[in-house]
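This report describes one protein chain for a reader who is new to structural analysis. Please keep the sequence and the structure in view while reading.

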Amino acid sequence: MEKTISPEERIRRAEEIYYRRRENSNSVRMSSSQVKEGNETRRISLYKKMIIQILTCILIYLVFSLIKEANYIFSEDVINKTKEFLSTDINFEVIVGQVGQFFQNNQDKLDFLGSWLKENNEQEENKQSENQNTENKENVQTNNNQEQNTQEENKTENKEIENKVTNEAKGNTNNETGIGGASNNETTVQTSSSGSSSKTQMQKDADYIKANFKLELPLKGPVTSRYGKREATEIVSENHYGIDLGVSEGTTVFAAMEGKVSLVSKEGEYGTHVKIVNKDITTIYAHCSKILVKQGATIKKGQKIALSGNTGRTTGPHLHFEIRRGNRTVDPELVLKF
């Protein structure tokens, strides 16, 4: 009697034969672990097929059950109600008319709703506009306050300078107009006596400049208007923040100190003028006829920078020379000998 072989055993033997032939053809030996992995993969595929078959049987059973219960779904009562619903005559014109009539009857309410929404939108826009205007007013007020503070600070600085400057009449009785546009009966600045132990801010600034920068004369010429208060006219200002040197037009102007050209301009009362900055010290050369350097250029002490002239607010050709430390003006005669 022959021994019965299970399907799985047949599959296993067939796989062994297949792998043996493959080993012989490729001269590569297949490990037993690879054979086992192939058997496992085969078993998983068989389980999947079995599960699919079971689910298919369940689905068929459910379909037959529904067909068996179809007598209720397709009963005469359900069919009659469906026919009654389908036979109902739906007049769309009547429906449209009813909808229109509804809107006409409630037109007042709809208008009220529309106006209410419009008012709300306008109120929101007005609030946004008011907020924007308030912000603009606050910004304008802030700018005005800043300008007022700046003006007050400038006035305070000017008053301090005026209070610190003591003027003495120069021993000259000639009242003719000088070359620089000021009266020859000039006042000289005497900030403090040599024997005084206290120094003004201007004297401290002058000492600082002499100790750190070693300035030299921009040109040689007679002093026609000194630093400080003077007799004002329609052209000549009351307060003079520099020194005027009377020279003919076209005289070469030299840089009193090294630095960088921060400004070259033809605007304002100074006419054609140039500013040279070195750290916190600024020198100004005004009323020139021509500037020989460009803005942003680096300048050496003694370099030719301009030609004297008669531009701006002046009564004759001269050079207006000014020294500043920060925002404070310094009498040039406290730094240099003219």
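D205 is buried, because its relative accessibility of 0% falls under the 20% limit. In this predicted model, D205 belongs to helix 7, which spans residues 201-212. The side chain of D205 is in polar contact with the side chain of R328, at 2.9 Å. When residues up to four places away in sequence are set aside, D205 touches R325, R328 and V330. One of these neighbours, R325, also takes part in another arrangement: the charged end of R325 sits over the ring of Y208, 3.7 Å from the ring centre.

**The chain as a whole**

The chain contains seven helices and 14 strands. It has 338 residues, and buried residues account for 26% of them.

**Strand 9 and its partners**

How many of the seven residues of strand 9 are buried? Five of them are, and strand 9 (residues 272-278) is therefore described as mostly covered. Strand 9 pairs with strand 8 (residues 259-265) in the antiparallel sense, over five bridges. Within this pairing, V261 has I276 in strand 9 as its bridge partner. Six residues lie between strand 8 and strand 9 in their hairpin, where G268 takes a positive phi near 85°.

Strand 9 also pairs with strand 10 (residues 281-291), again in the antiparallel sense, over six bridges. Here the bridge partner of V277 is T282 in strand 10. The hairpin of strand 9 and strand 10 has two residues between the strands, and K279 in this turn has a positive phi of about 60°.

S265 is located in strand 8. S265 counts as buried because its relative accessibility is 15%, and the limit for a buried residue is under 20%. The side chain of S265 reaches the backbone nitrogen of E267 at 3.0 Å. Apart from residues up to four places away in sequence, S265 touches G271, T272 and H273.

**Positive phi values outside glycine**

K214 is not a glycine, yet it has a positive phi of about 55°. K214 lies in the loop between helix 7 and strand 3 (223-225). Is K214 buried or exposed? K214 is exposed, because its relative accessibility of 54% is over 50%.

H287 is another residue other than glycine with a positive phi, here near 65°. H287 is part of strand 10. With a relative accessibility of 6%, H287 is buried, because the value is under 20%.

**Aromatic rings**

A pair of aromatic rings is described by the distance between the centres and the angle between the planes. The count of aromatic pairs in this model is five. One of them is formed by Y18 and Y19, with 5.3 Å between the centres and 65° between the planes, and it is edge-to-face. Y18 is partly exposed, as its relative accessible area is 49%, whereas Y19 is buried at 18%.

The rings of F321 and F338 have centres 6.5 Å apart and planes at 55°, so this pair is tilted. The pair links distant parts of the chain, since its members are 17 residues apart: F321 is in strand 13 (residues 319-325), and F338 is in the segment after strand 14 (328-330).

| Residue | Relative accessible area | Class |
|---|---|---|
| Y18 | 49% | partly exposed |
| Y19 | 18% | buried |

Why is Y19 classed as buried? Its relative accessible area is 18%, and buried means under 20%, so Y19 falls within that class. Y18, at 49%, lies between the limits of 20% and 50% and is therefore partly exposed.

How values were computed:
Residues numbered from 1 in each chain as written. Predicted model: local features only at pLDDT ≥ 70, side-chain atom pairs only at ≥ 80, totals over all residues. Heavy atoms only, no water. Phe/Tyr/Trp six-rings, centres within 6.5 Å; stacked < 30°, edge-to-face > 60°. Buried < 20%, exposed > 50% of the residue type's maximum accessible area, 1.4 Å probe, protein only. Helix = DSSP H or I, 4+ residues; strand = E, 2+ residues; numbered from the N terminus. Lys NZ or Arg CZ within 6 Å of the ring centre and 35° of its normal. Polar contact = N/O pair within 3.5 Å; in protein donor to acceptor, adjacent residues only side chain to side chain. Contact = heavy atoms within 4.5 Å. Pairing = 2+ DSSP bridges.
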